Amino acid sequence: SGTVDNSAGHKISLDQSMQDCYVYCVSENMSQKNLSKYGPVCVEIFNPAAFFLEIDRSFRIYKSGSLIRGGCITHKCIYDDREQRYDMDQNVPACFLKPKDFSDDCEVRAAWQPTNLPIKQIQITCPGIKSYCKRLY
């Protein structure tokens, strides 16, 4: 559904929604603010592609992959209003949009669509990621 505003700005709105999904977040920005917000541990990921592939592999093994369908999507978060201009060609799923107030987070996210709703927080053991990162503190 959507709306058309025929005022001077000629605004067309398209309502979009995305169902809940599983999300794994990392930050490109090592800062005290992020450490105090998200935890006292910081790691450097020196092979991001392999790191996220390993997380995806472990997620698919967890409960025989029964919690997810489709592929893993990774993307940097876009820090902007939820209302996007159609000509900006960002076309990113809603799970990668965050308000501008959070731009210091510099997040990169991996997202998976669940097979069933509602979803619950899960914890997956993924020892293989150790090959692609190192703990800084």
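**Reading pairs and strands in a predicted model**

Reader: How many salt bridges does a search of the whole structure find?

Author: General idea first: side chains of opposite charge can pair when their charged atoms come close. Here, a salt bridge is a side-chain nitrogen of Lys or Arg within 4 Å of a carboxyl oxygen of Asp or Glu. Searching the whole structure turns up eight of them. In one, Glu 107 and Lys 98 meet at 2.4 Å, N to O.

Reader: Is Glu 107 buried or exposed?

Author: Buried means under 20% relative accessible area, exposed means over 50%, and partly exposed is in between (1.4 Å probe, protein chains only). Glu 107 comes out at 7%, so it is buried, and Lys 98 is buried too, at 8%.

Reader: Which residue forms a salt bridge with Glu 54?

Author: That's Arg 57, with the closest N and O atoms 2.6 Å apart. Both sit in helix α2, three residues apart, which puts about one helical turn between them. Helices (H or I, at least four residues) and strands (E, at least two) are DSSP runs, numbered from the N terminus. Glu 54 is buried at 11%, but Arg 57 is partly exposed at 42%.

Reader: Now rings! How many aromatic pairs does the count come to?

Author: You describe a pair of aromatic rings by the distance of the centres and the angle of the planes. Rings of Phe, Tyr and Trp (its six-membered ring) pair if their centres lie within 6.5 Å; planes under 30 degrees apart are stacked, over 60 edge-to-face, and the rest tilted. The count here is five aromatic pairs. Take Tyr 24 and Phe 51: their centres are 6.2 Å apart and their planes at 50 degrees, so this pair is tilted. Tyr 24 is in strand β3 (residues 22-27) and Phe 51 in helix α2 (residues 48-61), so the pair ties together parts that are 27 residues apart in sequence. Phe 51 also pairs with Phe 52, with centres 5.6 Å apart and planes at 85 degrees, so that one is edge-to-face.

Reader: Where do ring pairs make a cluster?

Author: Look at Tyr 22, Phe 59 and Trp 112, which ring pairs link into a cluster. Trp 112 turns up again in a contact (heavy atoms within 4.5 Å): Asp 56 touches Cys 72 and Trp 112, not counting residues up to four places away in sequence.

Reader: Why is strand β8 largely enclosed by the rest of the structure?

Author: Because seven of the eight residues of β8 (residues 107-114) are buried. Now check its partners: two strands pair if DSSP finds at least two bridges between them. β3 and β8 are antiparallel, with six bridges, and Val 23 stands opposite Ala 111 in β8. Strand β5 (residues 68-76) also runs antiparallel to β8, joined by six bridges; there, Ile 68 has Pro 114 as its bridge partner.

Technical notes
Residues numbered from 1 in each chain as written. Predicted model: local features only at pLDDT ≥ 70, side-chain atom pairs only at ≥ 80, totals over all residues. Heavy atoms only, no water.
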